[in-house]
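Welcome to this guided tour. Please open the structure in your viewer and keep the selection tool at hand.

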Amino acid sequence: LMGEPERALHHAPELEARFSFSLDDRRRILPLLLARGDLADARRQLERITAAAPGDPLEALKLAGLREQTGDPAGARALYAKLTRTHPKNPVIFMRYASFLRKQGEVDAARRAIQEANALRGIDLRDDRKLRPLLKSRR
């Protein structure tokens with residue numbers, strides 16, 4: 001069925017009811033759900049994936065984004081905050097959290113998250129000498 005995405009998605013609920021989906025099964029069906037725009041089902045699958053593999057920050061970031069897209073900003077905030085505690089050295093998490101905070105209108109909190117991400121990446125925006133290589137890389 002995986003060669004036929006629409007058919008796979010059509011039969012997925014029945015198959016899941018009859019058989020226990022593995023983590024890999026859920027990971028395979030997730031992009032199909034996202035491609036189809038089925039955010040609610042994609043979120044349910046990702047909730048199960050992150051529960052089964054809680055240490056993967058990339059899947060948790062996807063889940064936080066889906067929580068935000070499906071109208072659960074409190075759930076997204078809680079997950080972003082948890083990720084900043086459990087992965088305090090990951091600048092990507094802080095940048096995604098900053099983007100979320102900015103969308104929520106929390107500009108000062110977003111600025112602090114960006115500063116944390118920049119510090120983790122060794123970027124000091126107060127020092128022009130450290131900015132020059134960044135400016136050159138953008139050209």
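**Before you start**

This is a predicted model, in which local features need pLDDT of at least 70 and side-chain atom pairs count only at pLDDT 80 or more, while totals for chains, interfaces and linings use all residues. Residues are numbered from 1 along each chain as its sequence is written, and side-chain values use heavy atoms, with hydrogens and water left out.

**Stop 1: the whole chain**

Show the chain as a cartoon. How many helices and strands does the chain have? There are eight helices and zero strands, where helices (H or I, at least four residues) and strands (E, at least two) are DSSP runs, numbered from the N terminus. From the N terminus on, the elements read α-α-α-α-α-α-α-α.

Now colour by burial. Of the 139 residues in the chain, 34% are buried; buried means under 20% relative accessible area, exposed over 50%, and partly exposed in between, using a 1.4 Å probe and protein chains only. Contact means heavy atoms within 4.5 Å. Among contacts between residues at least 6 apart in sequence, 38% join residues at least 24 apart.

**Stop 2**

Two packed helices are described by the angle between their axes and the distance between the axes. The axes are lines fitted to C-alpha atoms, for helices over the stretch in contact, and angles run from 0 to 180 degrees between N-to-C directions.

Select residues 23-36 for helix α2 and residues 39-52 for helix α3. These helices pack at about 155 degrees, with their axes 9 Å apart. That angle makes α2 roughly antiparallel to α3 (under 35 degrees counts as roughly parallel, over 145 as roughly antiparallel, 65 to 115 as roughly perpendicular and the rest as oblique). The crossing of α2 and α3 is left-handed, so the near helix is turned anticlockwise from the far one by less than a right angle; clockwise would be right-handed.

Next, show side chains. Residues making this contact include Leu-23, Ile-29 and Leu-33 of α2 and Leu-39, Leu-46 and Ile-49 of α3. By class, the contact of α2 with α3 has 10 nonpolar residues, one polar and four charged. Here Ala, Val, Leu, Ile, Met, Phe, Trp, Tyr, Cys and Pro count as nonpolar, Asp, Glu, Lys and Arg as charged, and the others, Gly among them, as polar.

Pick Arg-26 in helix α2. Is Arg-26 buried or exposed? Arg-26 is buried, with a relative accessible area of 12%. Its C-alpha atom is 7.8 Å from that of Leu-46, 20 residues apart along the chain.

Then pick Asp-38, in the loop between α2 and α3. Asp-38 is buried too, with a relative accessible area of 19%. A polar atom of the Asp-38 side chain lies 3.2 Å from the backbone nitrogen of Asp-41.

**Stop 2: Arg-67**

Move to Arg-67 in helix α4 (residues 57-69). Arg-67 is buried, with a relative accessible area of 15%. Which residues does Arg-67 touch, not counting residues up to four places away in sequence? They are Arg-43, Glu-47, Asp-72, Pro-73, Gly-75, Ala-76 and Leu-79. The side chain of Arg-67 has a polar atom 2.9 Å from the backbone oxygen of Gly-75. Between the C-alpha atoms of Arg-67 and Glu-47 the distance is 9.7 Å.

**Stop 3: α5 and α6**

Select helix α5 (residues 73-86) and helix α6 (residues 91-103), whose axes are 10 Å apart at an angle of about 150 degrees. That makes α5 roughly antiparallel to α6, and their crossing is left-handed. Among the residues in contact are Tyr-80 and Leu-83 of α5, and Ile-93, Tyr-97 and Phe-100 of α6. The contact of α5 with α6 divides into 10 nonpolar residues, one polar and two charged.

Key. Polar contact = N/O pair within 3.5 Å; in protein donor to acceptor, adjacent residues only side chain to side chain.
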